[in-house]
Amino acid sequence: MLKSVVRVIGAAVRRSSTTTPAARALPLSCPTLCSPSSATARPFTRSLWMFSNNGASSGYRPKLFSSKMLSPSVSCGCGGLHTDGDKAFGDFLSDEIKEEKKIQKNKALPKMSGGWELEMNGTEAKLTKKVSGEKISVTFNVNNSIPPNFEEEGEQGQQQKSAEEEPEIVSTPNFVVEVTKQGAKHSLVFDCHFPEDEMSHGEGEEESDIFAIREVSFQPEGDSDWKETSYTLNTDSLDWALYDHLMDFLADRGVDNTFADELMELSTAIEHQEYIRFLEDLQGFVKCN
């Protein structure tokens, strides 16, 4: 009899201890990004939900591992599985979408100066313009355009940063510049990127280019695939005089620091729009809307 009473009490204690899962604490450091001061950026909020009552601290995450996760709770015509974890996931996504829309700086995509026309194809953007018979096009994709950069963890007693002090997210995509002349069979193509060591400069330092040329090649006009059979000039070991002329060639056609700065602002806005759209699609998929 005594053993039965002990088992009953132990089971009650275990149930009471599992109904209130401990809140998961955010690590003391969060990913940060160095970004140009003139580029439009947005706060690093994709993990800030962990601070709020609607995030992991509310118990959503632990419920995913509860014994009820495989018990369908809702029936609909989709024929999919619906669990308590799905409901918690959908509720979290609703709150996350609202928060992301609150901090969205650009409801409409910012305009590029210099007469560039924008075309969108999913996550790929293409900027085009004509200069004295030449056609210049710049293509970039916002996927994987936010470089990771993590600070070292501070002491355990360090206070967590407030939302206003959180680092900002800036999209710095690789981009390809294609210059086409009338009557030419091939286009001069530049593969460009944003080096991390050129993203910021201290006071008194001479202003330098915030983007760099990685490779240069002649490619068939209008061909979207980079042909490996065409000779490609890598700039890693290139003579600096030749490299400077290549950069001046681009600047004369409107691809300079101002353009690169505006491109980052545009790419950041596109990436944020795509992120919100992904969350909305994910919510619809989870809730089977």
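Helices (H or I, at least four residues) and strands (E, at least two) are DSSP runs, numbered from the N terminus. The model is predicted.

**Exercise 1.** Find where Ser 230 sits and which residues it touches, leaving out those up to four places away in sequence.

Step 1. Ser 230 is in the loop between strand S8 (212–220) and strand S9 (232–234).
Step 2. Ser 230 touches Ser 217, Phe 218 and Gln 219, with residues up to four places away in sequence not counted.
Step 3. Take Ser 217: it is 13 residues from Ser 230 in sequence, and 7.0 Å from it in space, C-alpha to C-alpha.

**Exercise 2.** Decide how helix H3 (residues 84–102) runs relative to helix H5 (residues 257–287).

Step 1. The two axes, H3 and H5, come within 9 Å and cross at roughly 155°.
Step 2. Angles over 145 degrees count as roughly antiparallel. Therefore H3 is roughly antiparallel to H5.
Step 3. The H3 and H5 crossing is left-handed.

**Exercise 3.** Classify the aromatic pair of Phe 175 and Phe 259, and say whether each residue is buried or exposed.

Step 1. The ring centres of Phe 175 and Phe 259 are 6.4 Å apart, with 65° between the planes.
Step 2. Planes over 60 degrees apart count as edge-to-face, so this is the class of the Phe 175 and Phe 259 pair.
Step 3. Phe 175 lies in strand S6 and Phe 259 in helix H5, so the pair ties together parts 84 residues apart in sequence.
Step 4. Buried means under 20% relative accessible area. Phe 175 has 0% relative accessibility, so it counts as buried. Phe 259, at 2%, counts as buried too.

Definitions and conventions. Residues numbered from 1 in each chain as written. Predicted model: local features only at pLDDT ≥ 70, side-chain atom pairs only at ≥ 80, totals over all residues. Heavy atoms only, no water. Contact = heavy atoms within 4.5 Å. Axes fitted to C-alpha atoms, helices over the stretch in contact; angles between N-to-C directions. Parallel < 35°, antiparallel > 145°, perpendicular 65-115°, else oblique. Left-handed = near helix turned anticlockwise from the far one by under 90°. Phe/Tyr/Trp six-rings, centres within 6.5 Å; stacked < 30°, edge-to-face > 60°. Buried < 20%, exposed > 50% of the residue type's maximum accessible area, 1.4 Å probe, protein only.
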